[in-house]
Amino acid sequence: MTGEEFTETGSSEAAPTAFPTEDIPIDFENGTFCLTGKFIFGPRSSVEQLIESKGGVISKGVTQMTDYLVIGTLSSPDWVHSSHGLKIQKAVSLKESGHPIAIIAERDLIELA
């Protein structure tokens, strides 16, 4: 779901995330955002500042209060064993149980900011 397999590229570098995300409008004002992965935009703190400047609230984890999970464009090949893999799993689980959390890509967040 993320990046290339080591056997395909021979590289242990982070690769672009290929996770199915949603093409939806983003309501920054009072929306609660959780970030996962690594971002091309810059350090996570820069992405957080962008969201907060638009009126959004940052959450460190995915909860019932989370409106958006933003997946960074870059991720580690071992994402499933890290905290951002767990955040994706939690968001998908919440979504399947009827919670209206949106899973969005970094590029969509930046384009709509």
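In what order do the elements of the protein run from the N terminus on?

1. They go α-β-β-α-β-β-β-α-β-α. That gives four helices and six strands, with helices taken as DSSP runs of H or I of at least four residues, strands as runs of E of at least two, and both numbered from the N terminus.

2. A quick word on provenance: this is a predicted model, where local features need pLDDT of at least 70, side-chain atom pairs count only at pLDDT 80 or more, and totals for chains, interfaces and linings use all residues. Residues are numbered from 1 along each chain as its sequence is written, and side-chain values use heavy atoms, leaving out hydrogens and water.

3. On the whole chain: of the 113 residues, 42% are buried (buried is under 20% relative accessible area, exposed over 50%, partly exposed in between, with a 1.4 Å probe and protein chains only). The accessible surface is about 6,400 Å², and carbon and sulfur atoms own 53% of that (Shrake-Rupley method, 1.4 Å probe; for residues, only the protein chains shown count as cover).

4. Have a look at Ile 88 in helix α3 (residues 83-96). Ile 88 is buried, at 3% relative accessible area.

5. Then check Asn 30, in the loop between β1 (15-16) and β2 (32-36). Its phi is near 65 degrees, a positive value in a residue other than glycine. Asn 30 is exposed, with a relative accessible area of 57%.
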